Amino acid sequence: MLTERQGEQLSPWLDAARQNDLPSLHTLAAGIDRERDAVIAGLPLPWNSGVVEGHVNRIKMLKRQMFARAGFALLRKRVLPTP
């Protein structure tokens, strides 16, 4: 459904998720239901935020590594690219 960008398969998938025994899937299905129109509209689009999420993940990792060891100045030097 996601890789082939087929939004019409969302409703059957949500029904199957609700019939499953995993409460976390029920929560996910409820969240998707709240924004169903936006999710269906976004499924066929070719864009994603994968690259941005990768950078955010890298910055969070650096922040965790440096927690209580260094100040903001060093974090800024590690995060921002240098010319």
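These legends walk through several views of one predicted model.

View 1. Welcome to the overall picture! The protein chain has 5 helices and 0 strands, and from the N terminus on its elements run α-α-α-α-α. Along the principal axes, the C-alpha trace spans about 50 × 30 × 20 Å. How does the radius of gyration of the protein chain compare with that of a compact globule of 83 residues? Such a globule would have a value near 12 Å, but the protein chain has 19 Å.

**View 2. The surface of the protein chain.** Of the 83 residues, 13% count as buried. The accessible surface comes to about 6900 Å², and carbon and sulfur atoms account for 60% of that area. Contacts tell another part of the story: among those between residues at least 6 apart in sequence, 28% join residues at least 24 apart.

**View 3. Helix 1 packs against helix 2.** Two packed helices are described by the angle between their axes and the distance between the axes. Helix 1 covers residues 10-19 and helix 2 covers residues 23-34. Their angle is about 145°, and the axes lie 8 Å apart. Is the crossing left-handed or right-handed? Helix 1 passes helix 2 in a left-handed crossing. From helix 1, look for Leu 10, Trp 13, Leu 14, Ala 17 and Arg 18; they meet Leu 25, His 26, Leu 28, Ala 29, Ile 32 and Asp 33 in helix 2. By class, this contact has 8 nonpolar, 1 polar and 2 charged residues.

**View 4. Ile 40 in helix 3.** Now zoom in on a single residue. Ile 40 belongs to helix 3, which spans residues 36-42. Why does Ile 40 count as partly exposed? Its relative accessibility is 33%, and partly exposed residues fall between the 20% limit for buried and the 50% limit for exposed. Leaving aside residues up to four places away in sequence, Ile 40 touches Gly 7 and Leu 10. Compare sequence with space, too: Ile 40 and Glu 8 are 32 residues apart in sequence, yet 7.5 Å apart from C-alpha to C-alpha.

**View 5. Helix 4 meets helix 5.** Our last stop shows another helix pair. Helix 4 (residues 50-65) and helix 5 (residues 72-79) have axes that come within 10 Å and cross at roughly 145°. This crossing is right-handed. In helix 4, Arg 58, Ile 59, Leu 62, Lys 63 and Gln 65 meet Leu 75, Arg 78 and Val 79 of helix 5. The residues of this contact divide into 4 nonpolar, 1 polar and 3 charged.

Key: Residues are numbered from 1 along each chain as its sequence is written. This is a predicted model: local features need pLDDT of at least 70, side-chain atom pairs count only at pLDDT 80 or more; totals for chains, interfaces and linings use all residues. Side-chain values use heavy atoms; hydrogens and water are left out. Axes are lines fitted to C-alpha atoms, for helices over the stretch in contact, and angles run from 0 to 180 degrees between N-to-C directions. Helices (H or I, at least four residues) and strands (E, at least two) are DSSP runs, numbered from the N terminus. A crossing is left-handed if the near helix is turned anticlockwise from the far one by less than a right angle, and right-handed if clockwise. Contact means heavy atoms within 4.5 Å. Ala, Val, Leu, Ile, Met, Phe, Trp, Tyr, Cys and Pro count as nonpolar, Asp, Glu, Lys and Arg as charged, and the others, Gly among them, as polar. The radius of gyration is taken over C-alpha atoms; the globule rule is 2.2 Å times the number of residues to the power 0.38. Buried means under 20% relative accessible area, exposed over 50%, partly exposed in between (1.4 Å probe, protein chains only). Accessible areas come from the Shrake-Rupley method with a 1.4 Å probe; for residues, only the protein chains shown count as cover.
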